[in-house]
Amino acid sequence: MPALRLNDPLVQNVIAGIIIGLGPGMYLAVTALGAGGGPANATQMVNLANSVLYAVWFVVGWFSGSFVTVFGPKTTFLIGTLGYPVFVGSLWYFTNTAHEWFPIAAGAFLGLSANLLWTAGAYISFSYSTEASRGSFISIQWGLLSFFASLGSIVAFGLNFNASELRVPIAVYIVFILVMVSGFFVALFCIVKPSKVRMRDGTPLAHYPHEGFWVELKMQRRLLQDWRLIVMFIPMIASEVAIIVLSSLNSLYFNIRTRSLNSLMFNVFQVVGAIFIGFMLDNRKISSRRARGFISVAVVATIVIAGWIGLTVWLYKNPMDLLNPPLFDWTDGPFGGFFVLNLIFGLNMVIYQVTVQWIISSFTNDPEKLARLAGLVKGVLAGGVAAAFGTEAAGLPQLSVVAYTFTVQAVGLVLMAAVTWKCVTPTNYLTEENVIPPKAMQSEEKEVQSAD
C-alpha cells in the first residue's frame, strides 16, 4: 500500500469530510434534536432562523463557486467554519433569554459561511476524484458528516437519558461549540492548494488558468443556459427536505430523551446510506456509468417513496394538537412506527442528494467548472430547504408539509432518471482541454467506453 501523502486527492477529501463533520455534523445533530435542542415551543423560532439561514445560503450559492476558484478551498473553508459555533451559541442564548434576534442574525451569518464551506467540500469531492471514484468521494464526505453527527448525538443522548427538562443541558451546547471551533484549525493546517495535489501516479489534477473574478461571474451566469441544470433544479431543491420534516415532528411529538435517541439513529443511518450509495454509484461490476446512475435512481426512488407513504399513514394515526403536544416517550406505542420511519428518512437524507450531486458532477471533469457546479448545487439545495423551513415556520398542518415535500422529491426522482438516461456519458476524459486524465484511467476509461 503506498504511503499516505497530504496532497493525495483521497487524503484531501477525507480531511474535507472531517471539517464538514466538525461543523455541519454537529449542526445536524442539533437540528435532528428538534427545536435546536430547546423546548417544543422553540420550534417556530428555530424554523424561522433556519429559513433566514437557507435564504441567505441560496443567494450566496450563485457566487460561491467563483469564490473557490479565485481564493482556493483553504480560504473558503476557513471562512466557512466560522458561522457554526456562532449559530449554536445563539440557540444557547435563546434557551436562556427567549430573545429571537440573535438566532435570526446568526442564521444569516451561517447562511453566508456554510455555503462557502459546503462549496469547498463539494469542489474537492467533485474535482479531486476520478470518474470511477466520484460516488465514493461524495459519499465519504457525507459518511464523515454523519459519523460526527452521530458522535454529537451520542453525547446529547447520554446527557439527556434521564433528563426531566424539555430542553438539552447547557453542557451539550458547550461541547458542540468547542468541537465546531476545531474545524477552523484542521482547515488551516491540512488543506493544500489544488495545484499541489497529485494523484497516486504523480499526475496533477488539471491546468488552472484562473481568469479572474469577473470572468468567473460571467461563467457562473452561463450555468443558467445549460438545460441539463435547469431540469435538475427540482432534484436539487428536493435534496435535503427530509430532515426539516423529521426534525419538526421529532420536537413536536417526543420528549427530550426520545428526541435524542431519534437524532442518534437518524445520523447513524446516514452513515449506512453513504456507504450504500457510494457502492452503488461506483460499482465496477456495472461497467456503464449510465446504468449505474439509472439503477441508483431506481433504488433511491423505492426507499424515498416508501418513507413518505409510511409517514403519511403515521400522521393520520397520530394527529397533532399544537397547543398540547403529546411528548411521547420511547415506551409509548406511537414511538415504534416513527422510529422505523426515522431510519428510512436517515437513508433518504443521504442517498437522494449524493445521487443528485453525482449526476450533475458527471457533466464535466474540469475543476473550475465543477467549482461553479458545486456552488450552484449547494445554493439551489438551500433554496429548497428554506422553502421547507418556511412551510414549518408558517405553522401549516404537518400533513400539508409532508404533501409538499413528498411531491417535490417524487418529481425530482423522475427528472433525475431522465437526465441520467439522456446526459450521463461513458466518459468525459480526453474531451476537455484543462483536464489531465490519470495515466491508469486512460486505458480503463477506453474499456468502459467500449462496454457502453
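Predicted model: local features only at pLDDT ≥ 70, side-chain atom pairs only at ≥ 80, totals over all residues.

Me: How many helices and how many strands does the protein have?
Reply: The chain has 452 residues, and 59% of them count as buried. Its secondary structure comes to 16 helices and zero strands.

Me: What share of the contacts with a separation of 6 or more joins residues 24 or more positions apart?
Reply: A contact here means heavy atoms within 4.5 Å. Among the contacts in the protein with a separation of 6 or more, the share from residues 24 or more positions apart is 85%.

Me: What part of the accessible surface belongs to carbon and sulfur atoms?
Reply: The accessible surface of the protein comes to about 16,900 Å². The part of that surface belonging to carbon and sulfur atoms is 70%.

Me: Is helix α13 mostly covered or mostly uncovered, and how many of its residues are buried?
Reply: Helix α13 runs over residues 335-361 and reaches 39 Å from its first C-alpha to its last, close to the 39 Å expected at 1.5 Å a residue. The helix is mostly covered, and the number of buried residues is 22 of 27.

Me: Which residues touch Val402, leaving out those up to four places away in sequence?
Reply: Val402 is found in helix α15. Its relative accessible area is 1%, and because buried means under 20%, Val402 counts as buried. Leu246 is 156 residues away in sequence, yet its C-alpha is 9.8 Å from that of Val402. The residues that touch Val402 are Val245, Trp308, Leu311, Thr312 and Leu315.

Me: How far apart are the C-alpha atoms of Ser400 and Thr312?
Reply: Ser400 is also in helix α15, which covers residues 398-423. At 38% relative accessibility, Ser400 counts as partly exposed. Ser400 and Thr312 are 88 residues apart along the chain, and their C-alpha atoms are separated by 9.9 Å.

Me: How many disulfides does the count come to?
Reply: A disulfide is a covalent bond between the sulfur atoms of two cysteines. The cut-off used is a pair of cysteine sulfur atoms within 2.5 Å. Cys190 is partly exposed at 25% relative accessible area, and Cys423 is buried at 9%. The count of disulfides is zero.

Me: Which residue forms a salt bridge with Arg257?
Reply: The closest N and O atoms of the pair are 2.8 Å apart, and the partner is Asp329. Arg257 lies in helix α11 and Asp329 in the loop between α12 and α13, so the bridge ties together parts that are 72 residues apart in sequence. Both residues are buried, Arg257 as well as Asp329.

Me: What separates Glu368 and Arg372 along helix α14?
Reply: Glu368 and Arg372 form a salt bridge, with the closest N and O atoms 3.9 Å apart. Both are buried. Being four residues apart in the helix, they are separated by about one helical turn.

Me: How many salt bridges does a search of the whole structure find?
Reply: Arg228 and Asp226 meet in one of them, at 2.8 Å from N to O. Arg228 is partly exposed at 22% relative accessible area, whereas Asp226 is buried at 18%. The number found in the whole structure is five.

Conventions:
Residues numbered from 1 in each chain as written. Heavy atoms only, no water. Buried < 20%, exposed > 50% of the residue type's maximum accessible area, 1.4 Å probe, protein only. Helix = DSSP H or I, 4+ residues; strand = E, 2+ residues; numbered from the N terminus. Expected span 1.5 Å × (residues − 1). Areas by Shrake-Rupley, 256 points an atom, 1.4 Å probe, with all protein chains shown as cover. Salt bridge = Lys/Arg side-chain N within 4 Å of Asp/Glu carboxyl O.
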